[in-house]
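The sequence and the structure come first, and the description follows.

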Amino acid sequence: MGYRGYVFSRPFMGLRQPHHIQNVVIRDYCRNRNMEYLLSATEYAIPESFMLLYQTLDELDELEGIVAYSLFLLPEQQKLREDIYRRVMKTGRSLHFAVEGLVLKDEASSERIEQIWRVAQVLPHCLQELEIKS
């Protein structure tokens with residue numbers, strides 16, 4: 001048992017973080033919480049690919065949970081994210097987001113994570129409107 005890391009090979013939210021940086025953040029997160037860190041699953045660079053995330057979700061019965069580098073490694077489509085939330089909660093395991101220090105474990109935490117996602121998706125449009133008005 002332990003917590004499998006999950007890192008990305010492509011940019012997310014307009015940023016690109018090298019694998020080794022993502023893994024350092026995950027290792028520190030786990031060490032600070034006395035969680036056993038297992039090597040990370042590294043998502044393919046193929047656009048819109050979440051094959052390794054789904055494979056790791058399939059292994060949740062053998063893990064204590066997953067520690068993703070960021071909640072913004074989840075799919076941009078709300079329906080896909082909600083499916084992931086349900087899968088994690090159904091197993092009784094947890095999905096941690098190291099950068100944000102958040103944990104998905106129940107309905108309340110999934111709603112909080114989803115609110116953050118919605119703000120992040122709307123924010124660029126708000127900034128564009130402000131730039132147009134200036």
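## Serine 109 and valine 103

Serine 109 is in contact with Val103 and Leu104, once its neighbours within four places in sequence are left aside; contact here means heavy atoms within 4.5 Å. The location of serine 109 is helix α4, residues 107–133, where helices (H or I, at least four residues) and strands (E, at least two) are DSSP runs numbered from the N terminus. Serine 109 is buried because its relative accessible area is 11%; buried means under 20%, exposed over 50% and partly exposed in between, with a 1.4 Å probe and protein chains only. Its side chain reaches the backbone nitrogen of lysine 105 at 2.9 Å.

Valine 103 belongs to strand β5, residues 102–104, and counts as partly exposed because its relative accessibility is 25%. Apart from residues up to four places away in sequence, valine 103 touches Tyr29, Ser94, Leu95, His96, Ser109 and Ile113. From valine 103 to leucine 53 the separation is 50 residues in sequence and 16 Å in space, C-alpha to C-alpha.

## Basis of the model

The model is predicted: local features need pLDDT of at least 70 and side-chain atom pairs count only at pLDDT 80 or more, whereas totals for chains, interfaces and linings use all residues. Residues are numbered from 1 along each chain as its sequence is written, and side-chain values use heavy atoms, with hydrogens and water left out.

## Salt bridges

The structure holds three salt bridges, each defined as a side-chain nitrogen of Lys or Arg within 4 Å of a carboxyl oxygen of Asp or Glu. In general, side chains of opposite charge can pair when their charged atoms come close. One of the salt bridges joins aspartate 28 to arginine 31, with the closest N and O atoms 2.1 Å apart. Both residues lie in helix α1 (residues 19–32), three residues apart, about one turn of the helix. Aspartate 28 is partly exposed, at a relative accessible area of 31%, while arginine 31 is exposed at 56%.

Aspartate 58 and arginine 87 also meet through their side chains in a salt bridge (2.4 Å, N to O). This pair links distant parts of the chain, with aspartate 58 in helix α2 and arginine 87 in helix α3, 29 residues apart. Aspartate 58 is exposed, at 56% relative accessibility, and arginine 87 is partly exposed, at 25%. A further salt bridge connects glutamate 114 with arginine 81, the closest N and O atoms being 2.4 Å apart. Because glutamate 114 lies in helix α4 and arginine 81 in helix α3, the pair ties together parts that are 33 residues apart in sequence. Both glutamate 114 and arginine 81 are buried.

Glutamate 43 occupies the loop between β2 (37–42) and α2 (51–58). Although buried, glutamate 43 has no salt bridge, and the nearest side chain of opposite charge, arginine 10, is 5.0 Å away; Lys and Arg count as positive and Asp and Glu as negative, with His and the chain ends not counted. The side chain of glutamate 43 does make a polar contact with the side chain of tyrosine 6 (2.6 Å).

## Tyrosine 69

Tyrosine 69 sits in the loop between β3 (65–68) and α3 (78–91) and counts as buried because its relative accessibility is 9%. Tyrosine 69 and glycine 101 are separated by 32 residues in sequence and by 9.7 Å in space, C-alpha to C-alpha. Beyond its neighbours within four places in sequence, tyrosine 69 is in contact with residues including Tyr6, Phe12, Phe97 and Glu100.

## Positive phi values

Most residues other than glycine have a negative phi. Asparagine 34, however, has a positive phi near 55°; asparagine 34 is in the loop between α1 and β2 and is exposed, with a relative accessible area of 75%. Glutamate 48 likewise has a positive phi, near 65°. Glutamate 48 lies in the loop between β2 and α2 and counts as exposed at 55% relative accessibility.

Conventions:
Polar contact = N/O pair within 3.5 Å; in protein donor to acceptor, adjacent residues only side chain to side chain.
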